[in-house]
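Welcome! Below is a short tour for someone meeting this structure for the very first time. Take a look, then read on.

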Amino acid sequence: MRVSARKTALVGAAALALALSACGGDDDGDDEGSASGDGGGSVTVRGCNPENPLIPVNTNETCGGDVLDQLFSKLVRYDTETAEPMNEIAESIESEDNVTWTITLNDGWTFHDGTPITAQSFVDAWNYGAYGPNGNLNSYFFEPIVGYAEVAGTTDDAGAYVEGSATAETMSGLAVVDDLTFTATLVSPQSSFPLRLGYTAYSPMPEAFFEDPEAYGEAPIGSGPFQFESWEPNVEINLTAYPDYQGETQPSIDEVTFRIYENFDAAYNDLQADQLDIMPELPTSALAGDAYQNDLGERWLDRAVGVFQSVTFAPQTVDPSLSNATLRQAISMAIDRETIIEQIFSGTREAASGWVSPVVSGFEAGACGEFCNFDPDQARQLLDEAGGFSGPLTLSYNADADHQAWTEAVCNSISQELGIECVAQGVVDFATFRSQINAREMTGMFRTGWQMDYPSAENFLVPLYATGASSNDGDYSNPEFDAAVAEAATLQGEEAEAKYNEAEAMLAEDMASIPLWHYRIVAGWSTNVENVQITPFGTIDLLSVTTTS
Amino acid sequence: MGRYVIRRLLQMVPVILGTTFLIYVLVWSLPGDPFAAKCGDRPCPPAYIERMTNEYNLDDPLFIQYFKYMANLVTGDFGQTFSGVDIADELISRYPTTAQLALIAIGVEILIGITAGVLAALRRGGFVDNLVLVSTLIVVSIPVFVIGLLAQITFGVQLGWFPVTSDGTFYSLLMPGFVLGSLSLAFVARLMRTNLVENLRADYVRTATAKGLPRKRVIGVHALRNSLIPVITFIGADFGALLGGAIVTEGIFNVPGVGNMIFRGINQHEGATVTAAVTVLVLVFLLVNLLVDLLYAVLDPRIRYD
């Protein structure tokens with residue numbers, strides 16, 4: 001009754017609006033509506049506001065990253081299906097000892113301003129990225145290279161940067177051999193080094209960038225299949241196919257527009273009305289009750305991506321009550337992952353049986369063993385063995401994103417099965433949440449997420465669980481694990497993968513963290529496009545997309 | 001009149017200083033380091049934090065920070081967002097959109113609201129009066145985001161009459177403008193009706209009718225003009241609020257306006273962005289209110305400013 005009354009009022013209002021619009025704005029309205037589908041292969045993609053200037057080495061979030069991904073080709077490109085690295089600008093990346101790497105480039109590649117891509121383009125870009133006073137977000141990606149410490153400068157005891165502490169401007173580990181060859185010497189053996197080189201931070205930069213980085217950040221000159229056309233702040237970023245792109249697959253579309261949305265629900269409504277072509281990730285509201293399958297018909301796909309959710313225990317020095325490994329295993333076995341995934345995430349997660357994402361090569365299921373299975377009886381038995389647990393258990397999350405429902409469900413599961421009082425505790429926002437974790441002030445358990453930088457088991461293990469690593473929020477330390485990953489770094493291929501699997505299994509003994517699940521994302525598209533594929537990073541493979549008209 | 005305007009303009013200076021200071025302090029003192037969240041689940045490189053801290057003078061005491069900020073502001077330097085876009089540019093690109101949206105909303109309020117109110121008052125107790133009462137009651141009791149989403153799905157997605165989201169063009173702003181104006185429209189209609197009903201019973205209206213003026217003139221010139229004063233006050237205040245308060249509507253329709261900018265600024269702890277946007281808002285709000293006060297004198301000859 002109420003609804004129909006609203007509708008009549010709205011119809012009246014709309015009729016008036018139509019009458020008004022007849023005076024003027026009609027034309028541009030029509031243009032906007034049909035801009036997406038026709039017009040010789042142009043597509044619109046859901047974008048969002050870049051948080052930083054469009055400079056690869058200073059972009060670490062997806063809004064800017066999605067655009068930079070299309071603008072830049074790197075030494076390697078990851079296969080959309082398997083995430084295997086394939087040489088792109090590189091002709092070869094070789095090393096005998098995993099320490100000194102010789103990188104040879106393919107001839108003929110150019111930046112979008114026509115200047116050639118040379119060994120110098122890479123070396124200069126990497127030195128710029130690592131140089132402390134430039135203050136780049138991605139500077140730590142150059143950490144493995146010899147000379148990084150001198151270039152990056154030092155920090156004081158409180159972790160603050162000491163001004164003027166960078167003693168060199170270039171890393172001594174990088175040397176240009178000739179126009180198309182350079183060498184990179186690493187501090188220690190890193191078999192996964194070539195795997196990393198497809199990350200945005202390792203992009204080559206043209207000379208124009210070093211002349212005026214600020215102007216460049218607003219109109220970047222890239223090296224990839226698409227070149228930058230225009231950026232209308234808050235509205236759209238426009239790219240066109242670069243005719244001299246040297247990659248194996250040429251894009252079939254010749255124009256792509258990232259339309260900027262502050263609100264992804266709005267984007268989803270646009271998608272349903274065919275006013276937006278591709279959404280790499282559908283919003284939660286569309287996933288609820290599988291609504292998207294009704295709305296979009298066959299025009300969606302879901303895919304595992306390299307994002308991992310876990311629960312980390314506060315370091316022993318901060319909260320000693322949770323340091324007992326058996327207790328941790330008991331908690332892990334009391335969590336009913338499958339039911340939570342089904343009920344809260346509409347199946348868009350994959351219960352984790354280990355710490356490494358299934359998208360990386362060499363993944364082996366079951367590293368966590370029985371401890372990641374839901375088994376209330378054994379959980380209670382382990383709890384008894386551990387001597388019980390007194391006092392409420394807290395599970396903290398940042399309340400500015402969708403974490404409340406699942407953290408509460410996890411807590412309920414623990415409370416119910418173990419009889420421990422578990423409270424999901426919201427922290428006002430991500431900034432506060434991370435500040436407390438970084439300062440080692442957070443007690444109890446807290447949620448930790450990890451999005452892979454490059455598709456390697458190493459990326460899911462070393463930064464998170466090696467002693468003193470940058471994202472080791474629980475201060476986990478296990479000399480055996482450290483030794484195993486160090487050894488794996490000296491090996492190559494399947495040997496290295498096997499060693500990483502071995503190291504991963506060690507984490508189950510102490511339950512370094514509780515693995516919960518790996519993400520799957522659901523992408524959707526309009527009737528104007530076909531052949532949409534999503535990469536393991538959750539971005540669109542625009543080289544494969546075709547238009548229907 | 002001139003002196004009155006100058007006095008009012010001078011009064012704005014302390015108001016602006018006070019509000020900007022409060023906003024600046026509040027945003028920068030939000031809990032949590034604004035740069036702690038910039039690197040996902042790992043700490044940001046210290047060199048990055050150092051560079052950003054210097055850029056926004058966060059090492060200085062709060063008062064000094066604020067004065068440095070204001071000194072820049074006075075010279076026209078609004079600073080930059082974290083993404084390196086000049087805040088002044090961003091304001092210039094967003095304000096026209098928000099102003100257009102607010103004007104459409106106000107236009108809807110005036111056109112439909114006042115008309116409905118007058119019609120209802122003239123036929124008190126009749127069909128139109130009841131229709132207006134019931135329909136405004138419904139509009140007032142439904143939250144704006146429900147109206148917004150319903151309109152978006154019905155007219156944007158299903159019927160395809162309007163663009164689902166706005167890119168800032170006039171046509172695409174019509175539907176958001178209607179939604180935004182709908183709530184105030186209801187208030188305007190009811191306010192208009194009550195005032196007019198009351199004034200129609202006033203002595204001067206009876207006098208005017210008695211001396212033989214045509215009904216059109218009695219209502220149009222005498223009763224209506226006087227009844228408009230509270231309505232104009234409401235619309236003036238509403239216009240000020242619409243210029244900054246359309247966060248929900250701008251969010252639903254993805255309007256590239258100031259509301260979205262402030263919302264994002266608060267989320268990302270961008271003190272400079274929020275303060276700049278709000279400073280302009282306060283300024284506009286004060287000017288609109290001055291304008292409303294001056295309009296009183298036009299509507300009611302008994303009011304004089306000197």
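Two residues are in contact if their C-beta atoms, placed from the backbone, lie within 7 Å. By that rule, 65 residues of chain A touch 60 residues of chain B. On the side of chain A that touches chain B, helix 1 (2-21) of chain A supplies the largest share, 11 residues. Other elements of chain A that each give at least two residues include helix 16 (430-438) and strand 16 (445-451). That side of chain A divides into 24 nonpolar, 29 polar and 12 charged residues; here Ala, Val, Leu, Ile, Met, Phe, Trp, Tyr, Cys and Pro count as nonpolar, Asp, Glu, Lys and Arg as charged, and the others, Gly among them, as polar.

A word on what you are looking at: this is a predicted model, in which local features need pLDDT of at least 70 and side-chain atom pairs count only at pLDDT 80 or more, while totals for chains, interfaces and linings use all residues. Residues are numbered from 1 along each chain as its sequence is written, and chains are lettered from A and ligands numbered from 1 in the order in which they are written.

Helices (H or I, at least four residues) and strands (E, at least two) are DSSP runs, numbered from the N terminus. Two strands pair if DSSP finds at least two bridges between them. Here are two such pairs:

| Strands of chain A | Sense | Bridges | Facing residues |
|---|---|---|---|
| Strand 6 and strand 7 (181-185) | antiparallel | four bridges | A:L174 and A:A184 |

Strand 14, helix 15 (404-418) and strand 15 of chain A form a right-handed β-α-β unit (with the strands pointing away from the viewer, the path from the first strand over the helix to the second runs clockwise).

Is helix 12 (325-333) of chain A mostly covered or uncovered? Mostly covered: seven of its nine residues are buried (20 or more other C-beta atoms within 10 Å of a residue's own, C-beta atoms being placed from the backbone). Among them are A:L327, A:R328 and A:M333. These buried residues of helix 12 pack against elements including helix 15 and strand 17 (513-525) of chain A.

Conventions:
A residue is buried if 20 or more other C-beta atoms lie within 10 Å of its own, exposed if 12 or fewer, and partly exposed in between; C-beta atoms are placed from the backbone.
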